[in-house]
Amino acid sequence: MLEWIKRRDAFLKCLMSVKGRLQYADRSCPHCEDGEALYRCRDCSSMELLCQTCCLNAHSCKPLDRIEKWTGTFFERSTLQSLGLVIQVGHEDGSVCANPTLQFSNFTVVHTNGIHVLSVSFCGCPRNVQYEPWAQLMLGEWYPATVLQPQTAFTFRVLELFQLLNFEGKVTAYHFYRSLERLTDNTGCVKMPKRYSTFLRAVRQWRHLRALK
Ligand SMILES: [Zn+2]
Ligand SMILES: [Zn+2]
Ligand SMILES: [Zn+2]
């Protein structure tokens, strides 16, 4: 503790500096050295700033990461959807489906890092034709909220995390879901989908299926 007290102001300085551009003052993207470096990811380990194209490319297989955009004076919340990301369900390699069936531009996904609204396209290729949209979601480890034309899903990770916190920490579904809402937006200014009752239903189904396994 004594060593920490000696360095308290330095700790605080580091904490404040990550709110800014840090050492990434160069405006050009370090990957392509062409586009303007404006985007960083709160979930990737690197804090480097990338251009829109490189940020999108870096997240083709990480569609639930949280993105921030540099405005010139501060970082504001942004989304991979606003950058143009469309999630192609049924194509694990991130390739675009030539035979898409259902497509949604406001698909809700609840994950351990918050609540996301995404553009999602379902696959109609011959190899996936036996899988209905709900099954395609399940194979990607997203639990569908409904069977027919699902437009909301809960990741297996968020259902597992809630089950653990509920059993070990006695965290209620309400407090868990409320925490996810605040993780998504702690200001109360952002309108977000209300999926609490849907979450409760998914948790009941999830527990039932896990008991049957
Ligand atoms: Zn770039
Ligand atoms: Zn990321
Ligand atoms: Zn396809």
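Guide: Donors here are N, O and S atoms within 2.8 Å of the metal (3.2 Å for Na, K and Ca), and water is not among the atoms, so sites may look incomplete. This is a predicted model, where local features need pLDDT of at least 70, side-chain atom pairs count only at pLDDT 80 or more, and totals for chains, interfaces and linings use all residues. Residues are numbered from 1 along each chain as written, chains are lettered from A and ligands numbered from 1 in written order, and side-chain values use heavy atoms, without hydrogens and water.

Visitor: Okay, which protein donors hold the zinc ion (ligand 3)?
Guide: His91 (NE2), Cys97 (SG), Cys123 (SG) and Cys125 (SG), lying 2.1 to 2.2 Å from the zinc ion (ligand 3).

Visitor: And what's the arrangement of the four donor atoms there?
Guide: Tetrahedral, because their angles run from 102 to 115°; for four donors that label needs all angles between 85 and 135 degrees.

Visitor: How are those donors spaced along the chain?
Guide: The pattern is H-x5-C-x25-C-x1-C. His91, in the loop between β4 (86–88) and β5 (100–111), and Cys123, in strand β6 (residues 114–123), are 32 residues apart and link distant parts of the chain. Strands are DSSP runs of E, at least two residues, and helices are runs of H or I, at least four, numbered from the N terminus.

Visitor: What coordinates the zinc ion (ligand 1)?
Guide: Cys29, Cys32, Cys51 and Cys54, each through SG, at 2.3 Å. Angles of 106 to 114° make that site tetrahedral, and the spacing is C-x2-C-x18-C-x2-C.

Terms used:
Four donors count as tetrahedral if all angles lie between 85 and 135 degrees; four count as square planar and six as octahedral if opposite donors are over 155 degrees apart and all others between 65 and 115; anything else is irregular.
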